[in-house]
Amino acid sequence: MDDFTKYLEEKLADPEFKKEWDASEPEYSLMDAIVSARKSQHLTQKQLAERTGIDQSDISKIENGIANPALSTLKRLADGMDMILKLEFVPRHPA
């Protein structure tokens with residue numbers, strides 16, 4: 001177990017921290033999904049920018065969680081990676 005994982009586990013024991021961490025999970029998942037998809041296509045941010053017409057700096061901001069992209073931007077990113085965008089709502093408490 002690395003130091004960060006140990007630190008995170010300790011912090012997650014604090015209910016207030018865990019609440020904030022859980023609230024941020026969708027943003028982290030989105031950032032990870034975009035980066036993973038781009039890398040799976042062996043694309044740089046610059047190449048993806050050229051394919052989509054989205055500025056490379058904006059792609060960087062999205063991937064780093066600085067920008068909150070519109071659904072239309074996410075669709076353009078997916079198209080630029082020859083992928084489809086799939087969103088889903090998942091029950092918090094499965095039956």
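# Close-up views, with legends

**View 1. Helix α2 gives the largest share of the lining of the largest pocket, 7 residues.** The model is predicted, so local features need pLDDT of at least 70 and side-chain atom pairs pLDDT 80 or more, while totals for chains, interfaces and linings use all residues. Residues are numbered from 1 along each chain as its sequence is written, and side-chain values use heavy atoms, without hydrogens or water. Helices are DSSP runs (H or I, at least four residues), numbered from the N terminus. A pocket is an open set of points on a 1 Å grid over the protein atoms alone, where a 1.4 Å probe fits, with protein on both sides within 12 Å along at least five of seven lines; lining residues have an atom within 4 Å of a point. In the view shown here, 20 residues line the largest pocket, and those that lie nearest its centre are Leu-30, Ala-33, Leu-85, Lys-86 and Leu-87. Besides α2, helix α5, which spans residues 71-80, also supplies at least two residues of this lining.

**View 2. Phe-17, Trp-21 and Tyr-28 are linked into a cluster by ring pairs.** Rings of Phe, Tyr and Trp (its six-membered ring) pair if their centres lie within 6.5 Å, and planes under 30 degrees apart count as stacked, over 60 as edge-to-face and the rest as tilted. The count of aromatic pairs by this rule is 2. In one of them, the ring centres of Phe-17 and Trp-21 are 6.1 Å apart and the planes meet at 20°, so this pair is stacked. Both residues belong to helix α2 (residues 15-40), where Phe-17 and Trp-21 are 4 residues apart and therefore separated by about one helical turn. In the terms used throughout, buried means under 20% relative accessible area, exposed over 50% and partly exposed in between (1.4 Å probe, protein chains only). Phe-17 is partly exposed at 26% relative accessibility, and Trp-21, with a relative accessible area of 30%, is partly exposed as well. Trp-21 also pairs with Tyr-28, their ring centres being 5.7 Å apart and their planes at 35°, so that this pair is tilted. Tyr-28, in turn, has a relative accessible area of 43% and is likewise partly exposed.

**View 3. The buried residues of helix α5 line one face of the helix.** The buried residues in α5 are Thr-73, Leu-74, Leu-77, Ala-78 and Gly-80. Looking down the axis of α5, these buried residues fall within an arc of 165°, so they lie along one face; the arc is taken from the directions from the helix axis to the C-beta atoms. The cover over the buried residues of α5 includes α2, α3 (45-52) and α4 (56-63). Thr-73, within α5, has a relative accessible area of 18% and so counts as buried; when its neighbours within four places in sequence are left aside, Thr-73 is in contact (heavy atoms within 4.5 Å) with Ile-54 and Ile-62. Gly-80, also in helix α5, is buried at a relative accessible area of 7%. Not counting residues up to four places away in sequence, Gly-80 touches Leu-43, Leu-48, Arg-51 and Thr-52. The C-alpha atom of Gly-80 is separated by 9.2 Å from that of Arg-38, although the two residues are 42 residues apart along the chain.

**View 4. Helix α3 has a buried side and, turned away from it, a face with exposed residues.** Gln-45, Leu-48, Ala-49 and Thr-52 are buried in α3. These residues cover an arc of only 105° around the axis, which means that they sit on the same side of α3. The exposed residues Lys-46, Glu-50 and Arg-51 are carried by the face turned away from that buried side. Helices α2, α4 and α5 are the elements against which the buried residues of α3 pack. Just after α3, Gly-53 takes a positive phi of about 80°.

**View 5. His-42 takes a positive phi in a residue other than glycine, and so does Asp-82.** The phi of His-42 is near 55°, and His-42 is placed in the loop between α2 and α3. With a relative accessible area of 71%, His-42 is exposed. Asp-82 lies in the segment after α5, and its phi, taken just after that helix, is positive at about 55°. Asp-82 is exposed, its relative accessible area being 71%.
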